[in-house]
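User: Please take a close look at a single part of this model. Then follow it into its surroundings.

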Amino acid sequence: MLSASCHCGAVVIEVHEQPERLIDCNCSICRRYSALWGHLTRAQATIQCDPDAQSSYLCNDRVIKFFHCNSCGCVTHYDSVDAGPDQPLAINFRMFSVKEIEALEIRYFDGADTWTVIDK
């Protein structure tokens, strides 16, 4: 299991299985966040924090909530508005140490224009 947190430690992320790859998306919000997204199931990851430790932002089509720490501002994950046990959970792997993620493949996703994976 890997454990990480936002900068101040108010939001703790536990990942029970590493994703096969990370996604670097260039859509209008992801490029600003500079996140590396790992897509997991709810059985593979856990977010722990006090209920008032995080806020969310509904982006564009209002179907995805991006969560950030209310204290340090780190973007920790995103979730579907209709989140349920079968919905995937996207974790920002920038919260983990470089050593823990350096061996993972990074795929580039063109969320700005073509909505396809770009191999560089």
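Analyst: β7 and β8 form a hairpin with five residues between them. In its turn, G73 has a positive phi of about 85°. Strands here are DSSP E runs of at least two residues, numbered from the N terminus. The model is predicted, so local features need pLDDT of at least 70, side-chain atom pairs count only at pLDDT 80 or more, and totals for chains, interfaces and linings use all residues. Residues are numbered from 1 along each chain as its sequence is written, and side-chain values use heavy atoms, without hydrogens or water.

The two strands pair in the antiparallel sense over five bridges, with β8 covering residues 75–80. Pairing requires at least two DSSP bridges between the strands. F66 has Y78 as its bridge partner in β8.

β7 also has a partner in β6 (residues 54–58), again antiparallel and over five bridges. Here S56 is bridged to F67 of β7. β6 and β7 form a hairpin too, with five residues between them. N60 in that turn has a positive phi of about 30°.

Now the pocket. A pocket is an open set of points on a 1 Å grid over the protein atoms alone, where a 1.4 Å probe fits, with protein on both sides within 12 Å along at least five of seven lines; lining residues have an atom within 4 Å of a point. Of 18 lining residues, C25, C27, C30, I64 and W115 are closest to the centre. β7 (64–69) gives two or more residues to this lining, as do β3 (21–25) and β4.

Next, the cores. A nonpolar core is a set of buried Ala, Val, Leu, Ile, Met, Phe, Trp, Tyr and Cys residues joined through side-chain atoms within 4.5 Å. Buried means under 20% relative accessible area (1.4 Å probe, protein chains only). The largest core has 19 residues; V15, I91, F93, F96 and I101 touch the most other members. β1 (2–5), β2 (12–15) and β9 (89–92) each give it two or more residues. A second, separate core of 13 residues includes I23, C27, C30 and F109.

Key
Helices (H or I, at least four residues) and strands (E, at least two) are DSSP runs, numbered from the N terminus. Buried means under 20% relative accessible area, exposed over 50%, partly exposed in between (1.4 Å probe, protein chains only).
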